[in-house]
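Please look over the sequence and the model shown below before reading on.

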Amino acid sequence: MTDAEFLLWVRGPAFTTATFIMCAGLVIRFLEIFLLGRKADLAEARGSAFAGGFRTMFKRSIPDAGSFERSGFTLVSGYIFHIGLFIVIFLFVPHILVFEAATGLSWPGLPSNIIDATNVVTMIALLAVLIHRIKDPVMRMLSEFNDYLVWFVTFLPLLTGYLAFHRVGLSAPMLIGLHILSVELLMVLFPFTKLSHAFTLWMARWYNGAIAGYKGVQS
Amino acid sequence: MSKDKTLGETLQERGVSRRSFLKFCATTASMMALPPAMIPVIAATLEKLRRPSVIWLSFQECTGCTESLTRSHSATIEDLIFDTISLDYHHTLQAASGSAAEHAREEAMQENYGNYILVVDGSIPGENNGYSTIAGISNKAMLLEVAAGAAAIVAVGSCAAFGGIPKADPNPTGAVSVSDLIKDKPIVNIPGCPPIPAVITGVLVQFLTFGLPELDQLGRPAAFYGNSIHDRCYRRPFYDKGLFADSFDDEGAKKGWCLFKLGCKGPTTYNACATTKWNDGTSFPIEAGHPCLGCSEPDFWDAGSFYKALSTPTEDIGKTAVYAGAAGLIAGAALGASLRARKQSAVKNHERVTIDDLDQES
Amino acid sequence: MTANGMPASTIASSAPCAPPTGNLVPLLHEIRHALTRWLEQGEEHVIDLRSIPLAPGEEDSLLEQLGEGEVNARLSITGPSDIIETRYPAVWLITHYNENESIIGRFIEICEVPGILKSQADDIRAGLERLEDQLSNAETRA
Ligand code: SF4
């Protein structure tokens with residue numbers, strides 16, 4: 001297989017397969033959660049479940065002062081790499097073209113060198129998070145194979161993206177191919193690992209907020 | 001021209017001055033991306049060169065490569081170099097045809113057995129001889145026969161180098177490249193559809209001067225194919241700034257912004273177009289406002305539409321997502337229903353939640 | 001045609017918008033270093049302009065900055081070549097054309113006289129032969 005054939009394969013059959021697994025997997029996971037159903041709350045509503053749920057979905061993104069004191073590092077590094085991931089994934093023009101190819105939607109991107117700098121910062125934050133996970137005794141005890149796997153498949157596209165952008169070592173088709181392949185790995189694992197928190201997070205917050213809102217409690 | 005004269009002697013005889021020769025060496029070095037310090041070495045070696053014999057075979061091709069080579073230059077010293085090469089057999093260019101032509105080929109092979117250079121353009125069809133035959137000899141048989149006595153092989157054009165357009169999906173003739181069939185001879189690939197003429201002559205001169213050039217993974221001479229179009233593209237600063245033309249006639253296109261969105265394959269294409277350029281250094285596709293097609297890379301014809309961005313999937317992803325969603329709905333509904341049933345029975349039987357239940361990963 | 005042999009239309013369409021590559025200033029510094037080296041050690045230096053990526057229009061501005069000095073020679077050798085001493089002595093600009101007057105190579109040489117401008121031993125020998133032939137022909141005729 002030449003490098004060009006490899007690139008064709010990752011852009012073609014491999015990408016289709018990965019998309020299929022990710023989309024089907026996500027739908028299955030959602031249905032699995034929704035269809036489980038919830039017991040009807042028979043108590044009288046004291047507030048709006050909708051407003052509570054909606055508010056909490058966003059409000060929980062703002063850390064309260066206490067959590068800063070308790071785990072400032074986790075908060076800061078967590079924010080950095082999440083925002084970094086968002087910028088790198090959604091605001092790099094070649095990536096936007098992929099979303100456009102899939103959905104028809106398009107939006108303006110950022111200059112490539114800004115993306116590159118963001119990518120480096122994101123990788124550093126992810127490395128810091130990993131070191132923290134290994135060094136901190138509590139974190140280490142809580143961590144399982146899955147956590148490291150999820151870290152790895154998140155980090156890999158950033159690294160391969162960096163190498164492809166700077167064209168280090170291998171041929172350009174091979175570097176770009178490896179980058180796309182690493183993303184496909186992420187896509188395939190996405191619905192079946194903790195990575196799916198990117199979606200389930202909002203549902204969980206909604207539930208929490210909605211329950212509290214129904215009871216008329218601030219959350 | 002006598003076969004035992006050196007190139008230097010032949011040129012002198014023809015009244016080509018030493019200055020002309022130096023000029024040729026200087027421009028050739030520049031074309032081969034060699035440091036100017038190499039100019040005297042080229043001069044010294046070429047001067048002493050004895051006329052090598054070349055046999056040129058054309059298989060499944062469109063003659064574009066030969067056109068590229070022969071039409072581009074006016075009479076220059078390159079032609080004299082080519083005169084010096086004894087082009088003993090060239091299907092398309094020679095006057096003789098039929099058995100007379102084949103006779104010339106056999107003679108040239110016998111005389112220089114083990115020493116001639118074989119140049120091939122076009123890909124070689126598979127088992128069915130009906131696809132391409134010359135004088136009753138199948139392309140494959142002819143290639144194997146002539147290659148056996150060659151010192152080295154130069155595969156000119158993407159077809160000879162990688163199979164090219166004949167090999168494009170679904171490859172009706174079962175076309176293969178030269179290197180698919182020949183494993184025991186040095187092969188230099190000069191891909192391109194067609195290759196830059198100056199690169200064809202440059203590689204031949206490099207070959208004659210220094211022997212087998214340094215080749216990359218795909219058998220291409222590093223001097224010409226060492227950099228990608230993207231690395232040498234003058235529109236690169238726009239790529240880095242994120243300024244792209246969205247169509248062929250929008251503001252960006254007029255301002256000369258990067259053509260990535262219009263499908264430019266420059267980032268994955270290795271060739272000398274951005275520096276050597278075409279038509280005697282006048283311009284190259286990107287300078288003319290058209291994205292690079294990637295014609296010097298293997299399977300360029302199958303890499304999706306020419307106008308599809310390099311980063312995007314080649315298949316229809318939107319459709320895949322819809323199918324996947326439908327499949328997911330069915331599978332998810334089934335799974336959900338069974339979970340629900342389990343939950344109801346658990347509630348009915350007053351099952352206890354255990355630690356293991358809570359520790360479930362997903 | 002313009003000074004550097006590029007069709008005017010090409011320049012008009014691409015030159016005004018091409019961003020500079022930033023290679024101009026380093027190039028001028030390379031020339032400066034080469035001149036110092038020539039003065040100190042007599043070392044000659046050749047720069048192949050084709051080996052340096054330049055945006056359309058950038059080469060023009062380089063030529064403009066180097067300007068034209070005291071010597072301007074044109075060689076007629078399988079297509080002309082222009083040998084120009086720039087505003088800076090010992091900085092030579094050599095442009096080779098093919099017979100269509102398209103540029104096929106452009107060099108900057110730092111030296112007293114570019115080698116290609118000097119008469120070449122082989123050519124001198126051939127010339128001498130011609131002169132001798134001519135003289136002996138004249139003698140026999142006389
Ligand atoms: S036009 Fe093509 S080769 Fe040039 S910078 Fe843009 S993507 Fe790269």
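Where does Pro194(B) lie? Pro194(B) is in the loop between strand S7 (187–190) and helix H10 (197–210) of chain B; helices (H or I, at least four residues) and strands (E, at least two) are DSSP runs, numbered from the N terminus. The peptide bond that leads from Cys193(B) to Pro194(B) is cis, with omega near 0°. Another cis peptide bond runs from Asp169(B) to Pro170(B), with omega near 5°. Pro170(B) belongs to the loop between helix H8 (157–162) and helix H9 (178–181) of chain B.

This is a predicted model, in which local features need pLDDT of at least 70 and side-chain atom pairs count only at pLDDT 80 or more, while totals for chains, interfaces and linings use all residues. Residues are numbered from 1 along each chain as its sequence is written, chains are lettered from A and ligands numbered from 1 in the order in which they are written, and side-chain values use heavy atoms, with hydrogens and water left out.

In chain A, the axes of helix H3 (residues 65–90) and helix H4 (residues 93–103) come within 6 Å and cross at roughly 70°. Axes are lines fitted to C-alpha atoms, for helices over the stretch in contact, and angles run from 0 to 180 degrees between N-to-C directions. Val88(A), Ile89(A) and Phe90(A) in H3(A) meet His95(A), Ile96(A) and Phe99(A) in H4(A), where contact means heavy atoms within 4.5 Å. The residues of this contact comprise five nonpolar, one polar and no charged. Here Ala, Val, Leu, Ile, Met, Phe, Trp, Tyr, Cys and Pro count as nonpolar, Asp, Glu, Lys and Arg as charged, and the others, Gly among them, as polar.

Turning to the chains, of the two pairs in contact, chains A and B share the most contacts. Chain A and chain C, by contrast, do not touch, and their nearest C-alpha atoms are 15 Å apart. The contact of H1(A) with H16(B) has 19 nonpolar, seven polar and two charged residues.

Finally, Arg167(A) is located in the loop between helix H7 (145–166) and helix H8 (172–189) of chain A. Phi of Arg167(A) is near 55°, a positive value in a residue other than glycine.
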